[in-house]
Amino acid sequence: PSIASSMMIGLETVVWISLAYLLVLTVLLINAGRLSDMRGRKRCYMLGFIIFTAGSALCGLSATGLQLVIFRALQGTGAALIASNSPAIVTESFQSWERGKALGINAMAVYVGLTSGPVIGGILVQSLGWRSIFYVNVPIGILVVGLASLKLKEKRTFSMGQRFDFAGAATLSAALASFLVALTLGGSYGWNSIPILSLLMVAVSAFVLFIYVESRLTHHPTFDLSLFTKNRLFAAANVAALLNYVAVSGVTLMMSIYLQDVQGLQPQSAGLFLIAMSVAMALLSPFSGWLSDRLGSRLLSSAGMLIVTVGLLTLSQLSIASSASDIVLRLTFLGVGFGLFSSPNTRAVMSSVDRSKLGVASGTLSTMRSTGQSIGLAMVGAVIATALPPQAVLQLFTGLTGQDLVARDDFILGMRSLFLIASAIGAVGTLTSLVRGPEQLDPTQELQHTVNPTEM
C-alpha cells in the first residue's frame, strides 16, 4: 500500500512488483544450479549477492512502477543464484554424519528470517518509508560478499569445458514462467479465460519439449532426467517437498484473514499468533537435522508430513468462537510437523546426488518450494472466490456491518474446505515420503571428499 500510494500506481502494477521477483527466482533456480555446477559455487554465490544488492539499490531509487518491477526482476535473478547455491555449499562442506545438522541450522536461519523480516520491514516502512526496505539490503549484501570472498574456498568439482544447455534452459524457463503466471493471475482473469488457458497450454507444450530436449539432444543437459527416473530417493523427496509446500503455503494467508477479519484482531496481534508456527519450525529444524544424521530421512520426514496432515485437519475445525490458546496450539503443532519434515528431507535430496550435481539438486528443491507455494496460494484464491460472492468478500475485508456475519460464516466454511483439501494433499505427501528409497552411504566416497581443514 505504501508503494502504491507513493507512486500512484494501480493494482495491476502492484501485483507485478511481487510477481516479477518470484517469477524470475523460480524460473532461474535450476538453471542457476546447473551454472554453479559448471562454473563454481563460490563465484556464482557471490555473483548472486552482487546482483541482488545492486537490484535492491536500484529498487530504492525507482521513480516509476515499471522501473520497480524491472529491478525486482533483477533482484530475483540474484536470489536464484543465492538460493541454488546455499544448500549446495553447506552440503559440500560437511560430512554425511553431520550434514543434516548443518542443513538444519541453515533452515533455522531461513525461518528466523521469514519471521523477523516482515516485522523489521513494517518498522522500516513506518519510520523511514518504503524505500528503506530495499536500501537496508545494500550494507548486508556488501558484508556477505566480503565474508564469502574471505571465508569460502572454491572446491574443484566443476568442469569449465562443459557447454551450457541453452535449449533446455529456455524450454524449462518457458514452462515454469507460463505456469506460474497462470496460477497467479487465474483468479483475476478467470480459470476458463482465454489468456489463462493459453498460458497453461504453453506451459504443457514447453514442458513436453523440455523433456524431449533433455532426453535426446544434449550431452550435458540442464537437468539430468535420470535423477527422477532412476533415483527414487531424489524423486520421492522432491515430490514430497512439493506436496508439503502446496499443503501449508496457504496457511499464513488464510489464518491472517481469519485472525483479523473473523476474530477481530489488529495486524500486530495477528502477527504474534502466526509467529508461533515459525518459532516451532526454527527450533525443531536443527534437532530434526541432527536426528536425520543418525536415523536417516525416511522415518523423520514421513512422521513430520503426517503431523502436518493432522495439523491441517485440526485447523479445519476452527470456528468464530475458537480461543486464542486453541489457535496457538494448532499452529504450533503444524510448525512442529513442518520442522520435523524439512531438514531431513533436504538432507535426503542433497545426499542422493553426486557432488558435481549439487547445484541442480539444490535448484530443484528450491523450485519445488516456489512452485508449491504458488499452487497453494492459488488454492486459497480459488477457495475464497468459490465460498464467497464478491459482495461478501468486500464486506469481509472492509469491515462493513449488516451482512458481515454472513460473510464470516461463509469464510469459515471456505477455510474449512481449504484445510481439508490441504490435509488430503498432506496425506498423499506422507505416502510419497514413505516410498523413498533407503539412504546409502559409500564410506570410500566419503573419504575421498573429506574436507581439507584449510578450506573451511
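A: Here is a chat about some helix pairs and a cavity. Keep in mind that this is a predicted model.

Q: Okay, helices then. At what angle do α3 and α4 pack, and how far apart are their axes?
A: Helix α3 (residues 41-61) and helix α4 (residues 65-83) pack at about 160°, and their axes are 7 Å apart. Angles over 145 degrees count as roughly antiparallel, so α3 and α4 are roughly antiparallel to each other.

Q: Is that crossing left-handed or right-handed?
A: The crossing of α3 and α4 is left-handed.

Q: Which residues make the contact?
A: On the α3 side they include Tyr45, Leu47, Phe49, Ile51 and Phe52. From α4, Leu68, Phe71, Arg72, Leu74 and Gln75 are among them.

Q: And how does the contact of α3 with α4 divide by class?
A: It has 14 nonpolar residues, six polar ones and one charged.

Q: Let's jump along the chain. What's the packing angle between α15 and α16?
A: About 155° for α15 (residues 298-315) against α16, with the axes 7 Å apart. That makes α15 roughly antiparallel to α16. The crossing of α15 and α16 is left-handed.

Q: What's in that contact?
A: From α15, the residues include Leu300, Met305, Ile307, Val308 and Leu312. From α16, they include Arg330, Leu331, Phe333, Leu334 and Phe338. By class, the contact of α15 with α16 has 15 nonpolar, six polar and one charged.

Q: What about α12 and α16, how close do their axes come?
A: The axes of α12 (residues 232-248) and α16 (residues 324-351) come within 10 Å and cross at roughly 155°. That makes α12 roughly antiparallel to α16, and the crossing of α12 and α16 is left-handed.

Q: How many charged residues are in the contact of α12 with α16?
A: None: the contact has 12 nonpolar and three polar residues, and no charged ones.

Q: New topic. How many cavities of 30 Å³ or more are there?
A: One. The largest cavity holds about 50 Å³ of space.

Q: What lines the largest cavity?
A: Val246, Ala247, Gly250, Val251, Gly376, Met379, Leu418, Phe419 and Ala422. By class, seven are nonpolar, two are polar and none is charged.

Q: Which helices supply that lining?
A: α12, α17 (358-387) and α19 (404-434) each give at least two residues.

Q: And which gives the most?
A: That's α19, with three residues.

Methods. Residues numbered from 1 in each chain as written. Predicted model: local features only at pLDDT ≥ 70, side-chain atom pairs only at ≥ 80, totals over all residues. Heavy atoms only, no water. Axes fitted to C-alpha atoms, helices over the stretch in contact; angles between N-to-C directions. Helix = DSSP H or I, 4+ residues; strand = E, 2+ residues; numbered from the N terminus. Parallel < 35°, antiparallel > 145°, perpendicular 65-115°, else oblique. Left-handed = near helix turned anticlockwise from the far one by under 90°. Nonpolar A, V, L, I, M, F, W, Y, C, P; charged D, E, K, R; others polar. 1 Å grid on protein atoms, 1.4 Å probe; cavity = no way out; pocket = protein on both sides within 12 Å on 5 of 7 lines; lining within 4 Å. Points joined across faces, edges and corners; volume = space filled by probe spheres on them. Contact = heavy atoms within 4.5 Å.
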